[in-house]
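Hello,

Here is the structure I promised to pass on. Please open it before you read the notes below.

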There are 2 protein chains.
Amino acid sequence: MKITNRLSWKYVRDEIHHEILSGRYGPGDRLPRDADIANQLNCARSTVQRAMQDLSDIGLVERRRKGGTRVHPEPVTRATLDIPITRHEVEKKGGRYGYQLIMQEEMSAPRTVLAAFELTSPVSMLRIEALHLSDNRPYMLEDRWVCLDTVPEIRDVDLKIQSANEWLVLNRPYSRCDLRFYAISADQKMSEMLGAKIGDALLLIERSTWIDGAPITTVKTITTPGYQLLTSS
Amino acid sequence: MKITNRLSWKYVRDEIHHEILSGRYGPGDRLPRDADIANQLNCARSTVQRAMQDLSDIGLVERRRKGGTRVHPEPVTRATLDIPITRHEVEKKGGRYGYQLIMQEEMSAPRTVLAAFELTSPVSMLRIEALHLSDNRPYMLEDRWVCLDTVPEIRDVDLKIQSANEWLVLNRPYSRCDLRFYAISADQKMSEMLGAKIGDALLLIERSTWIDGAPITTVKTITTPGYQLLTSS
DNA sequence: AACGGTAATATGTAGCTACTTAAAATGTCA
DNA sequence: TGACATTTTAAGTAGCTACATATTACCGTT
């Protein structure tokens, strides 16, 4: 039986985490240099580096070259959300997935859409409206704009068969993704589409993606009443 | 001038990312071993390891010891959310922060609360209702339960002065945090508290935290009409 | 005191070696 | 054939060195 007296970087991380939460270091305080911590804990600097990287990832500390490491002045609760392809989401919940293309049209993007992309000059886009179904019942309403300059191939995709949602996720990488969540009351049209009552509170997920600064798509996902979005773990 | 022909791990990451998206490797496919990729790209295995770690973090690939690396069979859009302390959120938006404790009472947790913690036996908890204000106008309604077994010190905190939100984030680390987002219609009480109309669609954020399996707190954060939650970057 | 260039420094990255560990693959025996 | 033990494999971790890079800190000049 071998006692593992090697320190895992997670142990180092938790050690520092604990020191911060014990009040030894408060928000904004500067922590010792990696090398000193390594010395103190009798491990390699690379181990401390990994630990610190992780603490930085979860938002507990801020690191800057030469500036050193300091406790994040405004602690946050950081969470990770996984938004699956809608078909997978439905199937995972045990439903039979269905999909209806409502409309598809090339047109110049209105100002609200340009705003979502932080653009000012008019751009030609493909507007798509589609309904995702679970066991033949409405599940999600998708209101999407795809930038034709960035993704001309979308013209060749048969969106009656494959949803733009799925095609884009599988074929278009993005370098930036902005998400926005809010609640709205169902209007006449939404309530008809989603089988909800007018005035029902609906969760709306707005997502915009870019590749190297070029807009790809922006989509409003309108969920059915009672829909809940959960963090991954 | 020195040409940096060293490969940064980000370059390696993007290279692999590109290979996946080009269709060379599809969902579920197994990628070459780290060592082989390192050989092929003429870099160290540790560099590939770092690149792969990152791809695994963003959910593009799955890695298992001995099993190797494979493209995630169900690609997801992974996003990071930062939920700040409410006071900081208000102040960042330029508002003057205010806070009102509505009620505070020790009692046995009802079943709905126990369920949020995946508990079955009754537990004594502190129930807190509080209102966060921005420029003297309602901003957020907080409906919280704190587990007194896990956090007995909360009894000594003057919650009329400091919000439980802030005290907990600053003083209680957690090892698990579940978040849940959904929309509700404002009822009589909420509309009065938040200055909304009855039936207004409100975004609700539910958060439960644990430390090493022991429940800390669960809170329902009811936002004012029009509130939007955004991803960090 | 303001400005600007230079040196100092803490973190970031890369490469190498060695060892650990989870789990898949294989072999053995009933 | 099926259950179980063993081997092998590929990722994970740790330690070391060397160098890169972004800032801060310092100092001299005007």
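First, a term: a polar contact is a pair of N or O atoms within 3.5 Å, and within protein one must be able to donate a hydrogen and the other to accept it. Keep in mind that this is a predicted model.

Start with Tyr227(A). Its side chain makes a polar contact of 2.5 Å with the side chain of Glu89(A). Where does Tyr227(A) lie? Look in the loop of chain A between strand S9 (214-223) and strand S10 (229-230). Tyr227(A) is buried, because its relative accessible area is 8% and buried means under 20%. Setting aside residues up to four places away in sequence, Tyr227(A) touches residues of chain A, including Lys93(A), Tyr139(A) and Leu203(A). Tyr227(A) also touches Phe181(B) and Tyr182(B). Leu21(A) is 206 residues from Tyr227(A) along the chain, and their C-alpha atoms are separated by 36 Å.

Next, Glu129(A). This residue lies in strand S5 of chain A, residues 124-134. Is Glu129(A) buried or exposed? Glu129(A) is buried, with a relative accessible area of 6%. Its side chain is joined to that of Lys189(A) by a polar contact of 3.2 Å. Beyond its neighbours within four places in sequence, Glu129(A) is in contact with several residues, among them Gln100(A), Met103(A), Asp143(A) and Met193(A).

Finally, the two chains. A rotation of 180° with 0.0 Å of shift along its axis superposes chain B on chain A, with an RMSD of 0.1 Å. That is the relation of a two-fold axis. The same surface serves both copies: of the contact residues of chain B, 98% recur in chain A.

Best wishes

Technical notes
Residues are numbered from 1 along each chain as its sequence is written. Chains are lettered from A and ligands numbered from 1 in the order in which they are written. This is a predicted model: local features need pLDDT of at least 70, side-chain atom pairs count only at pLDDT 80 or more; totals for chains, interfaces and linings use all residues. Side-chain values use heavy atoms; hydrogens and water are left out. Copies are superposed by least squares on the C-alpha atoms of residues with pLDDT of at least 70 in both. Contact means heavy atoms within 4.5 Å. Helices (H or I, at least four residues) and strands (E, at least two) are DSSP runs, numbered from the N terminus. Buried means under 20% relative accessible area, exposed over 50%, partly exposed in between (1.4 Å probe, protein chains only).
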